[in-house]
Amino acid sequence: MRILGLRVAGFGPYRAPQTVDFRRFDDDGIFLISGRTGAGKSSILDAVCFALYGDVPRFERRESQVRSQHCGPSDPSEVELEFQVRDTVYRIRRTPKYERLKRSGTGTTTAEPEAELAVLEADGPRVIATRPKDVGIALSELLPISKEQFLQVILLAQNRFQEFLLAPTEKRRDLLRTLFGTDRFQRLERDLLERSKALAAELAATAAELTARAETTAELVGAEPPADPDRSWFERLAAESASAADAAKAASAAARLRLDAAERALQEVLRVQALQRRRDEASRRTELLLAESARIDETRARLAAARRADAVSPFHAAVTVAARTLDAARAAATEALDDLERFPLAPGVPAEPAARIEALLTLQGELVHPRTIEEGLPARRAALATAEQQGRSAAEAIPALEARIAALPARVAAADLQIEALAGTAAQAPAAAAEAAGLEAALDAARAAAALRGELDA
């Protein structure tokens with residue numbers, strides 16, 4: 001941090017505004033604030049401390065003594081400090097607690113402390129905090145040291161040097177470490193010790209792993225594990241293993257050649273064996289065919305006869321049907337002749353069979369209609385009884401029907417009202433259908449989202 005400028009008003013011995021531009025001393029390297037006792041030298045340093053931390057160590061937190069005793073109720077009291085942290089310039093303005101004139105009426109009122117922190121940019125100041133508490137939090141993030149360290153390292157107040165000299169060793173060590181930045185060497189020493197311990201533990205683990213691997217390797221190759229395995233032992237064992245591996249590869253190649261030859265010989269033997277099985281099967285089938293040759297010839301003869309019979313089979317079936325029809329006709333004629341002989345001739349019926357049959361058929365035709373009418377009499381009587389019953393039921397139902405007819409106009413009017421209501425509902429049907437389609441789409445989307453949620457979690 002580098003202090004650039006200071007402006008005070010109504011602070012300490014300074015009633016009127018006073019400005020100190022520290023930029024003028026940048027080329028001097030070092031400068032001295034001098035003056036007679038009570039000239040206000042310490043007040044400049046007090047103003048810097050008050051601007052940064054809102055406190056003046058000389059007054060032991062008595063903020064009322066910060067305000068100049070030369071100020072009247074209408075004179076303001078404030079401190080404004082500009083400082084630079086890295087490449088950013090900040091401006092902080094603070095006012096102490098004091099009695100000021102009321103804005104309306106007479107008398108005074110207590111003005112509470114105020115603070116404002118801003119960044120000075122090319123286009124003007126940018127305020128980043130406007131309350132004492134917020135300004136304190138922002139400054140604690142910007143400044144590298146606390147108020148106590150600032151008062152001991154940067155601004156050692158009057159009569160405090162002896163207190164610093166009499167402080168315990170640990171406290172002075174912490175202060176000097178902060179002042180000269182030697183805490184980094186302490187961190188480096190601590191880091192080196194931790195790194196040394198970590199490397200020692202890693203070395204012990206590596207040694208244990210090396211011993212374990214040496215024992216495993218010796219067991220695999222059938223050798224004796226050394227007490228302290230080193231790289232040369234592993235290299236010698238690797239060379240011996242490589243030589244053994246080359247010999248094993250050569251033996252494996254030779255065995256592979258012998259195996260290929262044996263497989264080819266086996267395939268040839270299997271091929272000959274398959275041909276021999278086919279030959280034996282053919283011989284067996286030939287013997288079976290020779291033994292069945294007589295039966296096969298008989299079967300062939302029967303097959304040829306069946307083929308010849310198949311050609312005349314439809315004609316044979318027609319002859320059989322015709323013979324059966326002829327036999328049935330002959331039986332019917334015989335039965336009819338028997339009937340003619342059994343029944344006496346009616347008056348006027350000729351005795352000659354053909355004329356007799358024709359006369360009987362004519363008589364039968366004349367009797368068919370009366371007989372049919374006679375056979376239908378029971379059904380017609382039942383239908384008549386049913387019709388009479390229905391007539392009586394209809395006569396009984398006439399009063400109820402007349403009442404219903406009288407009530408029909410009212411029902412028609414109610415139906416018209418329902419039709420009008422249904423017409424309005426029907427007009428809303430397309431919108432309802434569209435809404436239903438949207439709801440179905442939303443439901444499908446919700447189901448898809450629920451199904452995909454498991455995949456999303458996975």
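Me: Which residues are linked in a network of salt bridges here?
Reply: The network joins Glu-80, Arg-91, Arg-93 and Glu-116, where a salt bridge is a side-chain nitrogen of Lys or Arg within 4 Å of a carboxyl oxygen of Asp or Glu. Please keep in mind that this is a predicted model, in which local features need pLDDT of at least 70 and side-chain atom pairs count only at pLDDT 80 or more, while totals for chains, interfaces and linings use all residues. Residues are numbered from 1 along each chain as its sequence is written, and side-chain values use heavy atoms, with hydrogens and water left out.

Me: OK, so how far apart are the N and O atoms of Glu-116 and Arg-91?
Reply: In that salt bridge the N to O distance is 3.8 Å. Because Glu-116 belongs to strand β7 and Arg-91 to strand β4, the pair ties together parts that are 25 residues apart in sequence; strands (E, at least two residues) and helices (H or I, at least four) are DSSP runs numbered from the N terminus.

Me: And what about Glu-116 with Arg-93?
Reply: Glu-116 forms a salt bridge with Arg-93 as well, and the closest N and O atoms there are 3.1 Å apart. Arg-93 also lies in strand β4, so this pair connects parts that are 23 residues apart in sequence.

Me: Is Arg-91 buried or exposed?
Reply: Arg-91 counts as buried, at 16% relative accessibility, whereas Arg-93 is partly exposed at 24%. Buried means under 20% relative accessible area, exposed means over 50%, and partly exposed lies in between, using a 1.4 Å probe and protein chains only.

Me: How many salt bridges are there in the whole structure?
Reply: A search of the whole structure finds 15. One of them joins Arg-23 and Glu-82, with the closest N and O atoms 2.9 Å apart. That pair links distant parts of the chain, since Arg-23 is in the loop between β2 and α1 and Glu-82 is in strand β3, 59 residues away.

Me: Switching to the strands, in what order do they form the open sheet?
Reply: The open sheet has 6 strands in the order β2-β1-β3-β4-β7-β8, with antiparallel pairing; two strands pair if DSSP finds at least two bridges between them. The edge strands are β2 and β8 (124–129), each of which pairs on one side only.

Me: How many bridges join β1 to β2?
Reply: There are 4 bridges between these two antiparallel strands, and Gly-5 has Asp-21 in β2 as its bridge partner.

Me: New topic: how many aromatic pairs does the structure hold?
Reply: It holds 4, counting rings of Phe, Tyr and Trp (its six-membered ring) whose centres lie within 6.5 Å, with planes under 30 degrees apart called stacked, over 60 edge-to-face and the rest tilted. Among them is the tilted pair of Phe-11 and Phe-50, at 5.8 Å centre to centre and 40 degrees between the planes. Phe-11 lies in the loop between β1 (2–9) and β2 (18–21) and Phe-50 in helix α1 (residues 41–53), so the pair ties together parts 39 residues apart in sequence.

Me: Which residues do ring pairs link into a cluster?
Reply: The cluster consists of Phe-22, Phe-25 and Phe-31. Phe-25 counts as partly exposed at 23% relative accessibility, and Phe-31 is partly exposed at 39%.
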